[in-house]
Amino acid sequence: MAKQLMKGNEAIARAAMLGGLDAFFGYPITPQNEVPEYLSRYMLEEGKVFVQSESEVAAINMVYGAAAAGFRAMTSSSSPGIALKQEGITYLCGSELPCVICSVMRGGPGLGSIQPSQGDYNQATRGGGNGDYHVIVFAPETIQETIDIMKEAFDIADYYRNPVMILVDGLIGQMMESVDLTKPVKKRFLPEKDFATTGTNHHSRRNVVNSLYLESAELEAHNLALKKKYDKVIINDTRYELINMEDPDYVIVAFGTMSRVCRSAIETLAEKKIRVGIIRPISLWPFPNRAFETIDAPHLKGILVVEMNLGQMLTDVIVANNGKYPIGFYGRAGGVVPDPSDVVNAIGHFKDLVVK
Amino acid sequence: MPKGILTFETEKCKGCGLCVAFCPVKILYLDKSSMNQSGYNIVKITDPDKCIACATCALMCPDSIITVEVNN
Amino acid sequence: MEIKYKKTNGLTDTPLSYCPGCTHGIVHKLVAEVLAELGVLGETIAIASVGCSVFSYKFFNVDAVQAAHGRACAVATGVKRNLPDRIVFTYQGDGDLASIGIAETIHAANRSENITVIFINNCIYGMTGGQMAPTSLIGQKTTTSQTGRKADVHGNPIHISEMFSQIEGVAYLERVSVYNPRQVRNAKKAIKKAFTYQMEKKGFTMIEVLSSCPVNWGMTPVDALKWIEEKMTPVFPLKVFKDKGEEANV
């Protein structure tokens, strides 16, 4: 158990390297700067590729180029920077290229703030690019979980030939926690990258990486093929955690930093004899609908969605709940991080928070 | 003078006329009476014997449809 | 019988999608011939941009990557940095390079990415139907400057090669054209030099080619070539702007 104290952003960077990162392309933006800073040193030291690009737009397109050539590529940014990358991300999905994108969320909209937020849930899970596509989005809660998912992320991206996003917020990025970088992670059988554009001397046919299909029937067939892939992701890589879910009075739905705060809140509530469970989505896309379909709670009074935004995951929960239980919402925005007492209070006033 | 033999991939000719314009011995023309599949008037030769195999026509052809052979 | 000239195997068999007489076809041929003559077809990756040449990945007989509009130089950076011993080039029009993609292009040059940029300047957006481009001439009528480009409203034609000649990282930079056989031959020489410098790892190379757009200029292909010579070259003089190879020998 090789424990060490590590800052979130630096843990992300080291874990990416442990995950087989070949090439990183990034641009400065708070609160994720330590990711490119760390990698600017260690990637070059290990003879790998690091480029600080002229913009987030350029960075995601450099990732696109490196991925087209068959390399494990990554970029990281924060909210407004991730907004700039949306076109590149839809090209990566359309061309079926694997990569990892780390988003360290900050307050929005617009220039927003540099404080932690979850205001990019829709940006991450719905995407700002064009066309029918999905990014596989994981939202870890601790720095350890961030490391473990990051070390798997390139395998998942390569397996599905699709971008994978690690979605954290400024708090996880900036705090330090004790972590173990040596924890083993699942290894997948990965197909050879025979699509890679490395020059026709290096493989049999002429490879072209492209997302342009002018014939609509051809593009529809391509879309349907992508959909089959996404359906596979839903089956194989939907991830969530159920906490304290034995016959709860209430269920809280929260992810990332918010779920950590709620873990403390439910302990306080337990002392007040109020049993509260937590459904913690780890994959935000695919959203863990199963967790809601399988709720076995005869005394459940309602589901409280708690987010650091004004209601984004809320819609997914409403859909997953399908009218079964009353749903309440408690959210703070702009970089304000609720503390456990806010959550305890919200459960106490559940009726006032029910979403019509 | 070397004599050139021109062959045209007429189905890919777009009747742009660049070869006609730059042929130094002016032996090429666009045949208004004949069209290829794409509906373009195709290039033809008036007097093959005058061809000096300079390959200017092939050089200027944007669609690389002209092959120039020479027997000197 | 001896073959004096035939289509290069640097091009695929796919017929070009360009309009009759469009000089994209000539420049494609020159790039393909140069790559074939240098014997690097199997080591080359083309980065196709967005514009009339968006299909160039179908025409060059090499591996290819389709880049988003304006991002070819960033994509090329991503490829070349990971495959430093392969030949990487972008093929971009004036809308792609001089407008939306100017930042990516300038910074690729400034980082002296060891890539070759083939920049086709035809003073117009061709694929989308003839809109004004950053290089459109003063007075030039386009679908978005219908009474002619005016400096105080639309700004002046942008001089890419002049600008890039100020960038330290540029190893070879020449503006050429293809409006007559002599220019075509010179353009091929320039393209060959650019790729040769890349093979010698000299850094960023770019060839700007003054090119025609008969359909959107509303001219015959032959008149369009005259327009390049008479109207474009005074605004965009043909010359070598930078040659690190020569500077080294001087």
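This is a predicted model: local features need pLDDT of at least 70, side-chain atom pairs count only at pLDDT 80 or more; totals for chains, interfaces and linings use all residues.
Helix H3 (residues 72–82) of chain C packs against helix H5 (residues 102–110) of chain C at an angle of about 40°, and the two axes are 7 Å apart. H3(C) and H5(C) are therefore oblique to each other. On the H3(C) side the contact is made by C:Cys73, C:Ala74 and C:Thr77, and on the H5(C) side by C:Glu104, C:Thr105 and C:Ala108. Sorted by class, the residues in this contact of H3(C) with H5(C) are three nonpolar, two polar and one charged.

H3(C) also packs against a helix of another chain. Helix H3 (residues 56–68) of chain A lies against H3(C) at an angle of about 45°, with the axes 6 Å apart. H3(A) and H3(C) are therefore oblique to each other as well, and their crossing is right-handed. From H3(A), the residues that make the contact are A:Ala58, A:Asn61, A:Met62, A:Tyr64, A:Gly65 and A:Ala66. From H3(C), they are C:Ala74, C:Val75, C:Thr77, C:Gly78, C:Val79 and C:Asn82. The contact of H3(A) with H3(C) has seven nonpolar and five polar residues, and no charged ones. C:Ala74 and C:Thr77 are listed in the contact with H5(C) and also in the contact with H3(A).

Side chains of opposite charge can pair when their charged atoms come close. Between chain C and chain A the count is two salt bridges. C:Arg71 and A:Glu87 meet through their side chains in a salt bridge, at 3.8 Å from N to O.

What is the arrangement of chains A and B? No contact joins chain A and chain B, and their closest C-alpha atoms lie 20 Å apart. Two pairs of chains touch, and the most contacts are between chains A and C.

Over all chains, the salt bridge count comes to 41. A pair within chain C is C:Arg175 with C:Glu162, whose side chains meet at 2.6 Å from N to O. C:Arg175 lies in strand S6 (residues 170–177) of chain C and C:Glu162 in helix H7 (residues 160–164) of chain C, so this pair ties together parts that are 13 residues apart in sequence.

Chain A has a helix pair of its own. Helix H1 (residues 8–18) of chain A and helix H7 (residues 143–160) of chain A pack at about 30°, with axes 8 Å apart. That angle makes H1(A) roughly parallel to H7(A). The crossing of these two helices is right-handed. H1(A) contributes A:Gly8, A:Ala11, A:Ile12, A:Ala15, A:Ala16 and A:Leu18, which meet A:Ile143, A:Thr146, A:Ile147, A:Met150, A:Lys151 and A:Phe154 of H7(A). By class, the contact of H1(A) with H7(A) has nine nonpolar, two polar and one charged residues.

The backbone of chain A also deserves a look. In the loop between H7 and strand S7 (163–169) of chain A is A:Arg161, a residue other than glycine with a positive phi, near 50°. The peptide bond from A:Gly108 to A:Pro109 is cis, with omega near 0°, and A:Pro109 lies in the loop between strand S5 (99–105) and helix H6 (121–125) of chain A. A cis peptide bond also joins A:Trp285 and A:Pro286, with omega about 5°. A:Pro286 lies in the loop between strand S13 (283–285) and helix H11 (289–293) of chain A.

How values were computed
Residues are numbered from 1 along each chain as its sequence is written. Chains are lettered from A and ligands numbered from 1 in the order in which they are written. Side-chain values use heavy atoms; hydrogens and water are left out. Axes are lines fitted to C-alpha atoms, for helices over the stretch in contact, and angles run from 0 to 180 degrees between N-to-C directions. Helices (H or I, at least four residues) and strands (E, at least two) are DSSP runs, numbered from the N terminus. Angles under 35 degrees count as roughly parallel, over 145 as roughly antiparallel, 65 to 115 as roughly perpendicular and the rest as oblique. A crossing is left-handed if the near helix is turned anticlockwise from the far one by less than a right angle, and right-handed if clockwise. Contact means heavy atoms within 4.5 Å. Ala, Val, Leu, Ile, Met, Phe, Trp, Tyr, Cys and Pro count as nonpolar, Asp, Glu, Lys and Arg as charged, and the others, Gly among them, as polar. A salt bridge is a side-chain nitrogen of Lys or Arg within 4 Å of a carboxyl oxygen of Asp or Glu.
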